[in-house]
Amino acid sequence: MNAKSSVSTKSKHEQLGLSNTEVVDMYKYMLLARKYDERSLLLQRAGKINFHVSGIGQEVAQVAAAFALDRERDYFLPYYRDYGFVLSVGMTLKELFLSVFAKAEDPNSGGRQMPGHFGCKRLRIVTGSSPVTTQVPHAVGLALAAKMKKKDIVSFVTFGEGSSNQGDFHEGLNFAGVQKLPVIVMCENNQYAISVPIKKQLGGKVSDRALGYGIPGVQVDGNDAFEVYRVVKEARERAVRGEGPTLIEAMMYRLSPHSTSDNDLAYRTKEEVDENWKKDGLPKMKQYLIDHGLWSEEQEESLLREIQQQLKEAIMSAEQAPFPKPEDTLLHVYASEGEV
Amino acid sequence: MPVMEYIDAIRLAMKEEMERDEDVFVLGEDVGVKGGVFTTTKGLQEQFGEERVIDTPLAESAIAGVAIGAAMVGMKPIAEMQYSDFMLPATNQIISEAAKIRYRSNNDWNCPLVVRAPIGGGIFGGLYHSQCAESIFFGTPGLKIVAPYSAYDAKGLLKAAVRDPDPVLFFEHKKCYKLIKEDVPEDDYIVPIGKANVIREGSDITVIGYSLPLHFAMQAAEELENEQGISAHILDLRTLQPLDRDAIIESTRKTGKVLIIHEDNKTGGVGAEVAAIISEECLFELDAPIQRLCGPDVPAMPISPPMEKFFMLNKDKVKEAMLQLALY
């Protein structure tokens with residue numbers, strides 16, 4: 001057998017350097033994120049929590065991107081739909097629910113911020129806010145620090161296509177382009193900025209803007225885990241080689257309403273949503289694993305049972321966890337004496 | 001002890017802190033090769049290289065935002081806004097981000113950032129090169145704000161700001177750059193943030209202020225002492241946030257008559273808060289209504305010389321206000 005034919009017999013994930021275990025793990029995180037999201041929606045509908053903002057339809061790209069990074073060393077600046085991403089880099093279900101219930105031990109904010117506003121130094125998830133895309137210049141600053149300290153790490157930042165119209169997107173990317181900084185900027189283009197569709201948000205393609213910054217811009221099918229993994233991995237390799245930033249536009253569809261406060265059928269049709277459910281990357285990933293003998297319906301059922309159990313335990317323990325003390329509202333405005 | 005200008009003291013503070021800590025770096029528009037439009041950063045790029053004295057693209061939100069990102073992983077950026085008038089594109093980064101990073105992360109992350117910005121008029125800068133931006137940021141918990149009047153304090157406060165674990169806005173008055181000249185030690189010292197300073201002891205009236213107008217108050221106090229025997233007590237706030245409440249109350253009690261002065265316009269200015277503190281804490285110790293002498297409530301300072309002169313405080317205006325208060 002010659003080298004050429006041995007390559008062609010390799011499956012997609014093997015060609016990308018992903019082991020069987022890794023590719024199965026990717027799927028597990030995608031499914032976990034989906035189930036977490038569905039459960040949070042139910043909790044809100046049941047009146048247990050006030051608010052949930054969903055990432056359903058975006059998990060495949062989120063998890064694939066995380067797996068292409070160095071999950072032990074890189075810095076992450078996810079946006080508010082990135083449950084799949086933060087789970088993949090180590091946040092636990094319990095931690096997510098502590099945030100959902102706004103409890104004191106919530107590592108993201110100690111119960112101060114809305115759910116989906118991630119931050120956890122232990123996991124190098126940089127604290128984020130609600131005004132959109134302010135995190136892009138931060139990611140560039142982290143990359144600048146990495147370059148100054150000669151560390152072979154990258155920062156990875158995400159946001160939606162609506163917020164790609166903010167000045168901070170442009171200012172941050174231009175700065176990174178000038179300084180050739182190790183930052184990967186991924187737009188999760190889910191077609192809607194709350195109610196406003198892309199045709200009213202974007203005059204062209206987000207990825208095409210890269211030309212103006214002198215950096216590569218790549219549009220990729222966000223429902224295709226392997227394509228997302230490939231472009232993020234290549235972007236990371238470029239970044240650590242000192243070749244600068246990459247702008248990635250991952251195309252997907254926000255299958256859920258914007259948040260639990262939103263009725264999406266006021267501005268889009270059920271037919272359109274149904275059509276996009278058919279493109280959902282999650283069942284495609286499952287089918288891929290089954291086709292390659294890496295997964296079975298039995299394993300799927302057993303994983304679903306396991307996730308249900310994990311969700312139940314995480315919700316119970318987060319619900320029982322104490323709230324912050326009311327007077328803790330006054331803490332951490334500035335460093336205390338001797339604190340950094 | 002060498003005599004140096006206010007601007008030299010600021011430059012020396014940056015140089016010393018950059019020598020002391022390799023994580024300290026400077027970024028902003030024209031700060032590198034040119035050394036800043038006022039020469040505040042002159043010589044720093046030659047000494048520390050392009051990597052630590054970064055000429056950035058002309059984009060203030062990125063200057064602040066990139067500095068915030070670097071600060072969150074332990075760097076100590078000094079971000080220069082060329083004029084405080086041009087700082088407004090960065091307000092979202094400063095107010096929504098830098099000010100809230102410690103609080104919103106429940107003390108997990110912090111942001112040891114310094115933003116330097118020249119304030120004030122008197123240089124024929126017109127509307128957009130003369131403003132005082134402090135009241136825009138004042139009242140934003142999470143930020144510290146300093147505004148030195150003396151060269152000594154400019155150096156010591158900037159060094160303290162660089163070492164502070166929280167974001168500090170450093171407002172330097174561009175008219176002070178060359179006007180204020182005094183002895184400044186070349187050794188390592190800091191002026192603590194949050195501490196006001198009595199710059200003149202007196203017993204008849206109290207003047208409370210910050211930055212350039214204190215220069216006029218000091219001259220006026222000297223003349224009033226010699227001409228009328230009026231003894232003025234003058235408090236330099238130095239730090240606008242957090243305000244030194246104890247020093248404000250103590251200085252008020254000293255004379256029972258208070259004049260608050262600043263160049264920023266009167267309504268909603270720092271002086272309003274100082275007046276409120278006095279009213280809350282020692283109203284019945286006052287012998288006269290609290291007075292404020294500030295920039296007028298117009299959008300900004302016009303460029304035409306008579307109009308600029310009308311807007312700006314000066315020795316005569318401050319002297320008159322002090323005299324009227326003494327006579328009350």
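**The contact between chains**

A: Chain B gives 34 residues to the contact and chain A gives 34 residues, two residues being in contact if their C-beta atoms, placed from the backbone, lie within 7 Å. This is a predicted model, in which local features need pLDDT of at least 70, side-chain atom pairs count only at pLDDT 80 or more, and totals for chains, interfaces and linings use all residues. Residues are numbered from 1 along each chain as its sequence is written, while chains are lettered from A and ligands numbered from 1 in the order in which they are written.

On the side of chain B that touches chain A, two or more residues come from each of α3 (60-72), α4 (91-97) and α5 (101-104) of chain B. Helices (H or I, at least four residues) and strands (E, at least two) are DSSP runs, numbered from the N terminus. α3(B) has the largest share of this side, 9 residues. By class, the side holds 15 nonpolar, 12 polar and 7 charged residues. Here Ala, Val, Leu, Ile, Met, Phe, Trp, Tyr, Cys and Pro count as nonpolar, Asp, Glu, Lys and Arg as charged, and the others, Gly among them, as polar.

Chain B is divided into domain 1 (3-183) and domain 2 (197-327), with bounds from an automatic or database domain assignment. The C-alpha centres of the two domains of chain B are 26 Å apart. Their contact takes 27 residues from domain 1 of chain B and 24 residues from domain 2 of chain B. On the domain 1 side, α6 (134-137), β6 (144-146), α7 (151-163) and α8 (176-179) of chain B supply at least two residues each. β6(B) gives the most to that side, with 3 residues. The class count for the domain 1 side is 15 nonpolar, 8 polar and 4 charged residues.

The UniProt record, in an unreviewed entry, places "domain: Transketolase-like pyrimidine-binding" at residues 4-179 of chain B. UniProt positions are given in the numbering used here, feature names are shortened, and annotations may be inferred rather than shown by experiment. Over residues 4-179 of chain B the chain is 37% helix and 17% strand, with the end C-alpha atoms 10 Å apart.

Helix α1 (residues 6-20) of chain B has 15 residues and reaches 21 Å from its first C-alpha to its last, close to the 21 Å expected at 1.5 Å a residue. The expected span is 1.5 Å times one less than the number of residues in the helix. Since 11 of the 15 residues of α1(B) are buried, α1(B) is largely enclosed by the rest of the structure. A residue is buried if 20 or more other C-beta atoms lie within 10 Å of its own, exposed if 12 or fewer, and partly exposed in between, with C-beta atoms placed from the backbone. The buried residues of α1(B) include the charged B:Asp8, B:Arg11 and B:Glu17.

Further along chain B, a cis peptide bond joins B:Gln241 and B:Pro242, with omega about -5°. B:Pro242 sits in the loop between β12 (239-241) and α10 (245-255) of chain B.

A UniProt feature from an unreviewed entry, "domain: Dehydrogenase E1 component", is placed at residues 27-327 of chain A. Over residues 27-327 of chain A the chain is 46% helix and 10% strand.

Some local points in chain A follow. A:Met91 lies in the loop between α5 (83-88) and α6 (93-100) of chain A, and A:Met91 is buried, with 22 other C-beta atoms within 10 Å. Leaving out residues up to four places away in sequence, A:Met91 touches A:Val86, A:Leu96, A:Cys120 and A:Leu123.

A:Thr133 is in the loop between α6 and α7 (135-148) of chain A and is buried, with 23 other C-beta atoms within 10 Å. A:Lys180 is in the loop between α8 (167-179) and β3 (183-189) of chain A, and with 17 C-beta neighbours inside 10 Å A:Lys180 counts as partly exposed.
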